Amino acid sequence: MIKKVGIPRGLLYYEYYPLWVCFFKELGVEVVISDPTNKEILNEGIRNAVDEACIPVKLFHGHVLSLKNKVDYIFIPRLKSVENGEFICPKFCGLPEMIKYSLKDLPTIIDTEIDFLKSKRSLKSIILEVGRYFCSDEKQIIKAYYKALTNYKSHKELLKTCKDPRNKKKSVLILGHPYHLYDIYLNMGVIEKIKDIGIDIFTPDMIDEVDINEQANTFEDELYWTFARKLIGSTIHAINSKKVDGIIYISTFACGIDSVVVDIVEKTIRNQSNIPFMLLTLDEHSGEAGINTRIEAFIDMIKWRDNYENNLSAHG
Ligand code: SF4
């Protein structure tokens, strides 16, 4: 019988799904992805997660619950570090435990540890550990991984095809963790709303990793956090390349990483440019009308500045 593995549509699903989904499929496994976030998934997540958790982690609980009776396994890797020499938010490291202690009677959790802090030498053993749940042939597992990696790289290249919108209209850089940017229930469709006003969108995924790293290296302090490097590098790139007319940062309430990174991003923009900046902090009580009003006001301000005070700082 074909085994089924569930992948919760939350957190770093939005970054790695082309890799994970392809890998499991290549091993002959049926992949079940939880539905896009909806009210029920959010409410279940809030009801079952610890109060202190951030919204994306609570949401992840809801996605896991929605898969509970549909699959044989649920894939929740223990992510300690996804880049050499860098840390990731500690919530990812404790995620499998949080899920196991908060939610009862779940299928088997595949919680293989991924830790590239010192090097990526352990990559092969990680792949084999996950693959062995479904296949005993090591060669086939490695082959499936390389196919998945190619798929992931193609996906990342595709995301870059929208870059350099400068030749069109006004454009805005939207910053945030992948689940803040791409979970349209969580962010209330911010990206689509801005596009609908006729503004081009730029996200960190549309910027070359090489450019991001180069710009991040110009930052005065060393950046140990993968999210911080990407967001700060993207900010400096946007400032130096003069390709955007505004920068919006989407965050969620109680995000420990963003409590530091947002501050750095805002100060960098203020000190090095006159690009308008807006922070949208979402929580379970955020109302769509309020978000719409803030977006419209921000875009109006960008257009107004262009007509009336193009040479003045946006920060007074
Ligand atoms: S980075 Fe922030 S939003 Fe993401 S899991 Fe960590 S605390 Fe939550």
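**Exercise 1.** Leaving aside neighbours within four places in sequence, which residues is Gly85 in contact with?

*Solution.* The structure is a predicted model. Start with the place of Gly85, which is the loop between strand 4 and helix 4. Next, list its contacts beyond four places in sequence: Phe116, Leu117 and Tyr224. For a distance check, take Gly45: it is 40 residues from Gly85 in sequence, and the two C-alpha atoms are 32 Å apart.

**Exercise 2.** Describe the surroundings of Glu86.

*Solution.* Glu86 sits in the loop that runs between strand 4 (78–81) and helix 4 (90–93). Not counting residues up to four places away in sequence, Glu86 touches Ser81, Leu117, Leu223, Tyr224, Trp225, Thr226 and Arg229. One of these, Arg229, has a side chain that makes a polar contact with the side chain of Glu86, at 2.5 Å.

**Exercise 3.** In what sense do strand 9 and strand 10 pair, and over how many bridges?

*Solution.* Take the ranges first: strand 9 covers residues 246–252 and strand 10 covers residues 277–282. Their pairing is parallel, over six bridges. Within this pairing, Ile247 stands opposite Phe277 of strand 10.

**Exercise 4.** Find the volume of the largest pocket and describe its lining.

*Solution.* The largest pocket holds about 1,000 Å³ of space. Its lining has 41 residues, of which Glu15, Tyr16, Val82, Glu83 and Tyr152 are the closest to the centre. Turning to elements, those that give two or more residues to this lining are helix 1 (13–26), helix 6 (123–131), helix 7 (138–159), helix 8 (178–182), helix 10 (209–216) and helix 11 (226–241).

**Exercise 5.** How many cavities of 30 Å³ or more are there, and what is the volume of the largest cavity?

*Solution.* The count is two cavities of 30 Å³ or more. The largest cavity has a volume of about 90 Å³. Of the 14 residues lining the largest cavity, Leu12, Trp20, Phe60, Pro77 and Leu95 are the closest to its centre.

Methods: Residues numbered from 1 in each chain as written. Predicted model: local features only at pLDDT ≥ 70, side-chain atom pairs only at ≥ 80, totals over all residues. Heavy atoms only, no water. Pairing = 2+ DSSP bridges. Helix = DSSP H or I, 4+ residues; strand = E, 2+ residues; numbered from the N terminus. Polar contact = N/O pair within 3.5 Å; in protein donor to acceptor, adjacent residues only side chain to side chain. Contact = heavy atoms within 4.5 Å. 1 Å grid on protein atoms, 1.4 Å probe; cavity = no way out; pocket = protein on both sides within 12 Å on 5 of 7 lines; lining within 4 Å. Points joined across faces, edges and corners; volume = space filled by probe spheres on them.
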